[in-house]
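Okay, thanks for coming, everyone. Let me put today's structure up on the screen, and then we'll walk through it together.

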Amino acid sequence: MSVPAMDNFKTILRFLTNQKSTIGYSFMAILTIGSERLFSMVSFQCPCNRGQNFAYGITFLLGPAIVLLAIGLFVSTRLWRLCTGCCLNPFKLCPKGNCVSCFTVFIKVLSGACIAPIMWLCVALLNGKFYECAVSGLDENLVVDLFCKNKTHVCREELARVPCGKTRLSPDENKELLLMLQAQSQILGWSIVIISAIAALIGTCFKNCRSQVSYLQLTFWKIYMEKEKEKFEAFSEDYATKLAERNLKSFFDNKNPEPFPFPNHKAWEEISAVYTFTQSEQYYSTLQRYVERNDRDYSPEMHPVLKMEDGIEMV
């Protein structure tokens, strides 16, 4: 590959790396829209029955959102860094009694996990199919009076069949009710979009206004954390490979293993904590704070293994 082509490739790669959050959210939005369309066309069939419409429609509307929320929490590294081992040591949730920091971390985790469910709700409500089915099955007088005001009693009896278009109402009346349901659904969808956008803007402004570092230093901090994560994974793979080779060599050679320097459990606990920046410490992570400590414990783990009484099973 020529030098200009290589430079262009590096420029594109750098741009994609810098915009990976935007690209990720765009891909999530496209995937959400595609999934909603697939659900609507393939699997969703409103029963058009007063006793089943609400349960069926609300399940399709909220079910995927709840699943997406659970997945978002499950894949959150920050959540597991905070909660791992907290049942055995509850003080890990709020180290040094700093409950405000713990609460802030949970808010960040929850807000990040809510992105996909909110996208789903917005797309599903703007489409309107699930909402139409759910609301048409409500037997509440307030809902029925809203749609069937100044109409005959037939409207009340046939409201649940409106999403299917198989009613005793005239085509114009059926279309009018259907448009009312769609309008309500889309208004609710756009309301969620607007509220989410305003909440995100206010949250970002509040976080930046209360930042203890400048914008450029905050940018550097984010880059450093990404690079530290990449290097940590590379070092972990390298050392795990060496440890596996050392153990296998000892087993097959039938002799004692060679000494292997390894961080002790206390060190692992300290670098696994969620880091909160303070002006009094010019550190960018718990790892940096640990390695630059003057009273650092350099004693290696004598046997780099997990205790069986901890109840940890690795498959």
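Predicted model: local features only at pLDDT ≥ 70, side-chain atom pairs only at ≥ 80, totals over all residues.

Ser250 is buried, because its relative accessible area is 14% and the cut-off for buried is under 20%. As for where to find it, Ser250 sits in helix H11. If you ignore the neighbours within four places in sequence, Ser250 is in contact with Lys255, Asn256 and Pro257.

How many helices and strands does the protein have? The secondary structure comes to 13 helices and zero strands. The protein has 315 residues, and buried ones make up 26% of them. The accessible surface comes to about 22,300 Å², with 65% of that belonging to carbon and sulfur atoms. And here's one about contacts: among those between residues at least 6 apart in sequence, 64% join residues at least 24 apart.

Now let's go inside. In soluble globular proteins, nonpolar side chains tend to be buried together. What does that look like here? The largest nonpolar core has 25 residues, and Phe44, Leu61, Trp120, Phe130, Val135, Phe147 and Leu177 touch the most other members. Which helices supply at least two residues each to this core? Those are helix H3 (53-74), helix H6 (115-127), helix H7 (129-136), helix H8 (141-148), helix H9 (153-158) and helix H10 (171-209).

Leaving out residues up to four places away in sequence, Leu61 touches Trp120, Leu121, Ala124, Leu125 and Phe130. There's also another core, apart from the largest one. That other core has eight residues, and among them are Leu82, Cys83, Cys94 and Cys102.

Which residues make the nonpolar surface patch of about 530 Å²? The answer is Val67, Ile71, Phe74, Val75 and Trp80. H3 gives the most to the patch, with three residues. Trp80 belongs to helix H4, which covers residues 77-83.

Next up, charges. Side chains of opposite charge can pair when their charged atoms come close. How many salt bridges does a search of the whole structure find? It finds four. I'll show you some that sit along helix H11, including the pair Lys227 and Glu230.

In that pair, the closest N and O atoms are 3.9 Å apart. Why are Lys227 and Glu230 separated by about one helical turn? Because they are three residues apart in helix H11. Lys227 is partly exposed at 46% relative accessibility, and Glu230 is partly exposed at 40%.

Now find Asp238 and Lys242. They form a salt bridge with closest N and O atoms 3.4 Å apart. Both lie in helix H11, four residues apart, which is about one turn of the helix. Asp238 is partly exposed, with a relative accessible area of 36%, and Lys242 is partly exposed too, at 40%.

Then there's Lys249 with Asp253, whose side chains meet in a salt bridge at 3.1 Å, N to O. This pair also lies in helix H11, four residues apart, about one turn of the helix. Lys249 comes out partly exposed at 44%, and so does Asp253 at 40%.

Where is Asn264? Asn264 has its place in the loop between helix H11 (215-253) and helix H12 (265-272). With a relative accessible area of 9%, Asn264 is buried. What lies 3.3 Å from a polar atom of the side chain of Asn264? The backbone nitrogen of Lys266 does.

Okay, that's the tour. Let's go back to the screen and take questions.

Note on methods:
Residues numbered from 1 in each chain as written. Heavy atoms only, no water. Buried < 20%, exposed > 50% of the residue type's maximum accessible area, 1.4 Å probe, protein only. Polar contact = N/O pair within 3.5 Å; in protein donor to acceptor, adjacent residues only side chain to side chain. Contact = heavy atoms within 4.5 Å. Core = buried A, V, L, I, M, F, W, Y, C linked by side-chain atoms within 4.5 Å. Patch = residues over 30% accessible without salt bridge, like charges linked within 9 Å, V, L, I, M, F, W, Y side chains within 5 Å. Areas by Shrake-Rupley, 256 points an atom, 1.4 Å probe, with all protein chains shown as cover.
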